[in-house]
Each structure stands twice: as C-alpha cells, then as structure tokens.
Amino acid sequence: MKKVFLSPFFAPVIFILCWFVLLAIVLIYFPDQKYQLTFDGQIIDVLTNIGYMFMLAALLYFSKDYTDKITSWGIYLFLGMTAYLREAGIQHHLSKTDTTPFKSRFFLKPENPIGEKIVFGILLLIIFGAVLYLLIKYAKHLIISFFKFNTVTWTIAVFCSVLVFSKFADRFPGNWRDAHNDVSLPQSQIEIWSLLEESIEIFIPYLVVLALAQYHLLKKKN
C-alpha cells in the first residue's frame, strides 16, 4: 500500500477519480441544487474549509521535516494561513469602502482611502514576494524532477494544475462577458462553471496534505 501511495501517479489518479465522483454525485443526485451547493456555508464550502484546517495542522505536524529548510517552511505556513483566511472570506471585511482590497479595481477607484491602498498593496507585495522566492528557489528542481517522475513533484504539479484551472473557471464567465460586449453566458452555463470552480478548489488543501505526507515518508525512507 505504501508503494502505491508513493507512486508519482498516485496524486493524478486519485484526484481525477475523486473529482469525477464528486461531480457525478452532485449532477446525478442534486441536479437542481448544483448551483446552490457552491454558495458559502454549503457542503462544498464546508469541505474546503475543513481541508484548509487539515493543511495547517499537517504543516505543523510535519514541521520537523523542514528543519534544514526553515525559511521555506515558514513561507509555506504563511501562504497556507493566507489561503485559509481568503477561503474564509476575510477579504470581504477588510476594506470600509469596497468588497475586497485584493483586486486591481480596488487600487484604481479614487474613493478608496489611500491608506488602505498602501497597506493592502504592501501585503500583496509580501505575498507575491513569498511566491517568487519559492519559484526562484525550486522551479529548476521541480522541472528536472518532474521528468524523473519524482513523487512529490508530480503531486505539486497536480496542485498547480488544479489551482490554475480553478482560477480559469472562476474568471471565464466574466471574461466572456467582457469579450462579448457585456453579453453574459446563459445562466445554466454560469452555474456549471461555478460548480467546476468550487468543486475543484476542494482539492487544493488536500493535495498539499498529500504532498507533505509523501515527502515525510520518502525522507524517512531515505
């Protein structure tokens, strides 16, 4: 069983199976409620938040594996907490004048206070800086190890693919409207894109937990 768990193909296969099963359950048993299930406080949102709590717990539990990479671990924890707070919707309660301070339109609106723009701009720079640090430090290793079928690298590749697709699904209806003179997609298609986005986002924290567990076992094995 451990051999299967540590296979580079474990993450992509288990992700595809779990996502297919989740979508099948929603579309077969809850076809009329598929859109409502993507709302805050519904089952998909609850499962996602539980995943982030597991992720933060796993980062603390496996912290001893990163005694020689304490800076990277600290960044993982910082980004993990940031992602959890975002998923919990904290961005909607930070600005006194706008719905969220983490979109370009926030910084372009003259009615938003300059103080808020400075504070949240610095915070965004810190987050981008943390991500850039990880990219510079590990990008070459990840590319090389991917073609060597490194287990953790393949799990990270699935994580990144899920992250990119979730953002694509989130923005597709809006981008479509912008590209077609404010003509929106049919509501049924908007609901499908919302389901695709929210259902795939569930797996983001669980894939991190998987990568941490695989790294722990491989390090222990070696």
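1. Helix α9 and what covers it. In this predicted model, the buried residues of α9 are covered by elements that include α1, α2, α3, α7 and α8. The residues of α9 that count as buried are Phe203, Ile204, Pro205, Leu207, Val208, Leu210, Ala211, Leu212, Ala213, Gln214 and Tyr215. The helix has 19 residues, and the distance from its first C-alpha to its last is 26 Å, close to the 27 Å expected at 1.5 Å a residue.

2. The packing of α7 against α9. The axes of α7 and α9 lie 9 Å apart and meet at an angle of about 170°; since an angle over 145 degrees counts as roughly antiparallel, α7 is described as roughly antiparallel to α9. On the α7 side the contact is made by Thr151, Val152, Thr155, Val158, Phe159, Val162, Leu163 and Ser166, while α9 contributes Ile204, Leu207, Val208, Leu210, Ala211, Gln214, Tyr215 and Leu218.

3. The largest nonpolar core. This core holds 37 residues, and the members that touch the most other members are Phe15, Trp19, Val162, Phe203 and Leu212. At least two residues of the core come from each of α2 (10–29), α3, α4, α7 (151–179), α8 (187–201) and α9, and α9 gives the most, with nine residues. For Leu212, if residues up to four places away in sequence are set aside, the residues touched are Met55, Ala58, Leu59, Phe62 and Tyr66.

4. Helix α2. The 20 residues of α2 reach 28 Å from the first C-alpha to the last, which is close to the 28 Å expected at 1.5 Å a residue. Its buried residues are Phe10, Ala11, Pro12, Phe15, Trp19, Leu22, Leu23 and Val26, and what covers them includes α1 (2–5), α7, α8 and α9. Phe15 and Trp19 of this list are also among the core members that touch the most others.

5. The aromatic residues, taken together. The count comes to 21 aromatic pairs. The rings of Tyr61 and Phe62 have centres 5.0 Å apart and planes at 85°, and the pair is therefore edge-to-face, the cut-off for that class being over 60 degrees.

6. Tyr66 and Tyr215 form a stacked aromatic pair, with 5.2 Å from centre to centre and 20° between the planes. Because Tyr66 lies in the loop between α3 (43–61) and α4 (70–87), and Tyr215 in helix α9 (residues 203–221), the pair ties together parts that are 149 residues apart in sequence. Tyr66 has a relative accessibility of 7% and counts as buried; Tyr215 is listed among the buried residues of α9, and Tyr215 also takes part in the contact with α7.

7. An aromatic cluster. Ring pairs link Phe15, Trp19, Phe165, Phe168, Phe172, Trp176, Trp193 and Phe203 into a cluster.

8. Two residues whose backbone deserves a look. Phe149 has phi near 55°, a positive value in a residue other than glycine; this residue is found in the loop between α6 (114–146) and α7, and its relative accessible area of 44% makes it partly exposed. Asp182 likewise has a positive phi, near 65°, and is not a glycine; Asp182 sits in the loop between α7 and α8 and is exposed, with a relative accessible area of 61%.

9. The chain as a whole. The protein chain has nine helices and zero strands. Its C-alpha trace spans about 55 × 50 × 30 Å along the principal axes, and 38% of its 222 residues count as buried. Of the contacts with a separation of 6 or more, 67% are between residues 24 or more positions apart.

Note on methods: Residues numbered from 1 in each chain as written. Predicted model: local features only at pLDDT ≥ 70, side-chain atom pairs only at ≥ 80, totals over all residues. Heavy atoms only, no water. Phe/Tyr/Trp six-rings, centres within 6.5 Å; stacked < 30°, edge-to-face > 60°. Helix = DSSP H or I, 4+ residues; strand = E, 2+ residues; numbered from the N terminus. Buried < 20%, exposed > 50% of the residue type's maximum accessible area, 1.4 Å probe, protein only. Core = buried A, V, L, I, M, F, W, Y, C linked by side-chain atoms within 4.5 Å. Contact = heavy atoms within 4.5 Å. Expected span 1.5 Å × (residues − 1). Axes fitted to C-alpha atoms, helices over the stretch in contact; angles between N-to-C directions. Parallel < 35°, antiparallel > 145°, perpendicular 65-115°, else oblique.
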